Amino acid sequence: MLLRKITIGHNNKGSSAGWACDKVVVDDMGNKELYEFPVNAWFDISEGDGKIQRDVLAGATQPMAIVYNVQVMTGDIRGAGTNSKIHFAMHGRKGIKNSGKLFLEGGTFERAQIDIFNVELLELLSPLSRVTIGHDNAGISCGWYCEKVTVYCPFTGLEQVFPCGRWLDEDEGDGLVERELYEMVSLRQKKQKKFPWSLWIWTSEIKGAGTDAQVFVQVYGETGKSDEMKLESKSDSFEQGQCDKFIIEMPDIGKIRKLRIWHEKRHPFSGWHLGRVTLMKTLTREKYSFVCNRWLDINEDDNEIVRELPATGKLVPEIMIYLIFHISYRVTICTGNISGSGTDASVYLNIIGDLGDTGERLMFMSKNNANKFEKGNHDEFLVEAANLGQIRRVRIGHDGRGGGCGWFLDKVMIREEGQPEASSIEFPCYRWLDRNEDDGQIVRELVPTDDAVGYHIAIKTGSINGASSDSKVFVKLYGEKGDTNKMLLVVSDNDLVNYFETGQTDIFTIETFDIGNINRLLIGHTNEGLRAGWFLDSVQIWVPVHGVQYMFPSHRWLCKDEADGKVEVEIYPSETLEIEKLINYEVTVVTGDVWTGGTNANVFLQIYGEEGKTELIQLKSRSNNFERGTTEIFKIEALDVGRVYKIRIGHDGSGIGAGWFLEKVDVKRLVMAMVKPEKKEEDKKDKKKKKKKKEEEEESPGELKEVVRAFSFPCGRWLARDEEDGEILVELSTFVCSRVLENSYEVHVYTGDMLGAGTDAGVYINIYGEMGDTGERKLRKSNHLNKFERRQEDVFTITGMDLGLLKKLRIRHDNKQANAAWYLDRVEIFDTKDETMYFFPCQRWLAVDEDDGQLGRELVPVDEAFMKRDEDDEEESSPAQLGLEQKAMSTTFTMTVKTGEKKSAGTDANVYAILYGTKDDTGNYENNSDCTISINSPAATEKCVCVCQVSLI
């Protein structure tokens, strides 16, 4: 029998347990064979990789270990934890191969805790047939309740779960202290495969070449790139003349093209002179070399701390070396020319192209300005990188530090050094990068056309003791079309004072390019602050533009002192749900440059198109919006309404100085359209060919592409109660069809002849037609000074876009003032354009203490003959007949609302609901009778049900 490998280690006992082993020699005296096992590694939990047990191949000169991630969960019952030494074994397919007994060092195995370990083996055992786990039954409280064991093998991408749910205790259950566990196949997950690589880094031997800074590396291949990897060791690394060895894991990225290496510190003593780097795939022995021999130091060479090194070696063809030659890119960053637009923060940039990216580069040395990023500046920088191919987008931001860190960026222009300025690719921005302005973001991804996608991320912190964190959290999304950079989550959408508190859910929005369907997520924190440790419960991501929501369970610590000590983790979606699909709109609002033209009120917008309408959208940001003479841009997500023909915009009249002079509104959206290719100038020799192809070109419809379609809505009027007609809401149509669509409606409101029928409350109406609705309008100016009195007819005029044939109306009051109850007899509307009268009978109370307690009614039109018949009928049967007439023209929905059984689940507020259908919505339906009484239930165990009827045409 020939010896193939040995397993060697120690039990970590004694005052000086650490051990550095050079090699092992085994003499097989019977077969007269001598085997040498080179080790050259520490067996010490505080040196190198912290391992105290290793597998070594005979004659091996390079490490070839496969890493298995093992998670052991202790049960959540009393006394479940143990002080015993836990051992573990993995068995391969059919149980032929196994790992042997492995001791899981460094775990605490406390109640309800997950202990995580990385186990290195020379055998590929995944998928496993079973695992064996047990303990030595030594010490006080040696009994242990094991909940489950999870094993993940990056090489195969398989995560297997082995449930236990039993005691390993001589005094409990069957008395066993070791058990064999079998996989629950239904819980098996297929994750991205990752392969082990060996990395050697040589620091130069020149004086002062070493560094104490944290070093990072990222590898690029023909089909993708690795993550940014932090090179950590428990020994002193990157010393002068030293070779440091690391084992890293990367997905399959094809043949290696280049490597980026950098360190994080910029102080004078962190400089590093890098000699060379070697990278080898452990299983196939593919080897690549990367020569540097340059400083990574702000005081040496070109002052850069980032180097991109092209791959060399037998596996790299000459054409590849040519393709990845170094290029210098001239970057021009244009700061805006508005008040306070400059910044003192540190600005960084990442250029992304077809062949890779530059990584985040600090814009340190401006070539033309000593004081960078000042108001109106055009700062130029040189960025040296491997050839990126066609540049597609840039990611730019700052660190948010300093008193005047807010920055208004106009645009970024990039060209190859030596090329004319006309060849520059322009990336427009024209937005703030400021936590207190616009949307609060300090990092933006810019593309030549506006096709960014919004990703909404809800992060839930666990509810266990000490789960909160003071550190900065970052995420990185991976999709089928690419992945994002690591993005710090610094500004929450739900505006909570402190982020990532125990049991709290924080919501963030990031805008980036379309990465397609998300397949995994990297989340972690910077490990800064007094309480950096964090217990992450779960993450939800919803992408309205794609109509998809992703669920990412985590339920683990991200803490240096807990579990496996990791502060970042890669998690996979457990569930994907369909949600309502929306599209992106860009809304530009121009406030007039007139005296007191700005407003402090809340501004709302609704967009109407040929295929429907959006919901009522509030236009808001962190900036001081709608000031005199300003232009503001809002990015919103809403339903696709097709070709836009009108908008409704207004404000709520709140705040001091609510009056507003609106100049115009522009709406942009992306649409799919056939685009013909641009015609190129041809030489005389090609004229004959041109004639032959002329007919083919005329017949060609072009290529289907996304193009930006803009709609302009001029206004030039006041929206103020003390200016012009006193309206604070206006409907605007595009300039081309504004005269065609405008119309006026005379609204005649008849209060009934009942005792106490009149009201002093504010009355609101919304008229619906075939071509949209008027939006809810307050009925202000009547032909009577005292409106809505008993037996009175009040006449109002509503101006807006033509609605076509009227379908229904919704009328309500706000239940304010002492005499709010109102008996409405009917509403009649005269269409001044078509000279048509519509009749909307009601004959019901709008009062909380009358009839069914409703404050609003939805009325449908009846013909004139019905109204005349009702007037001539002497019997008092018209209300019943009216109910049948209206019921025939409407749909009744029965809505059941169940209040939860949790403590204090009930409410004293008036609950409202809006039903959305494919044709329309019901509007704000507020129930003020049985629903409010039923829901007001303080007892935790009571259930309440409310039933209401809504008429929807």
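**Salt bridges and backbone features of a predicted model**

User: What does the secondary structure of the protein come to?

Analyst: The secondary structure comprises six helices and 62 strands; helices (H or I, at least four residues) and strands (E, at least two) are DSSP runs, numbered from the N terminus. This is a predicted model, in which local features need pLDDT of at least 70 and side-chain atom pairs count only at pLDDT 80 or more, while totals for chains, interfaces and linings use all residues. Residues are numbered from 1 along each chain as its sequence is written, and side-chain values use heavy atoms, with hydrogens and water left out.

User: How many of the residues count as buried?

Analyst: Of the 953 residues, 49% count as buried. Buried means under 20% relative accessible area, exposed over 50%, and partly exposed in between (1.4 Å probe, protein chains only).

User: Turning to the backbone, which peptide bond is cis?

Analyst: The bond from Ser 126 to Pro 127 is cis, its omega being near 0°. Pro 127 sits in the loop between strand 8 (114-121) and strand 9 (130-135).

User: And what is phi at Asn 12 and at Gln 843?

Analyst: Asn 12 has a phi near 60°, positive although the residue is not glycine. Gln 843 has a positive phi as well, near 55°. Asn 12 lies in the loop between strand 1 (5-9) and strand 2 (19-28) and is partly exposed at 23% relative accessible area. Gln 843 belongs to strand 57 (residues 836-846) and is buried at 16%.

User: New topic: how many salt bridges are there?

Analyst: The whole structure holds 63 salt bridges, each a side-chain nitrogen of Lys or Arg within 4 Å of a carboxyl oxygen of Asp or Glu.

User: What do Asp 76 and Arg 111 tie together?

Analyst: Their side chains form a salt bridge at 3.0 Å, N to O. Asp 76 is in the loop between strand 5 (66-74) and strand 6 (86-91), and Arg 111 is in the loop between strand 7 (102-103) and strand 8, so the pair ties together parts 35 residues apart in sequence. Asp 76 is exposed at 52% relative accessibility, and Arg 111 is partly exposed at 45%.

User: Is Arg 431 buried or exposed?

Analyst: Arg 431 is buried, with a relative accessible area of 8%. Its salt-bridge partner is Asp 439, with the closest N and O atoms 3.3 Å apart; Asp 439 is partly exposed at 27%.

User: Which residues are linked in a network of salt bridges?

Analyst: One such network links Lys 225, Asp 227, Lys 258, Arg 260, Glu 308, Asp 357, Arg 361, Lys 476 and Asp 483.
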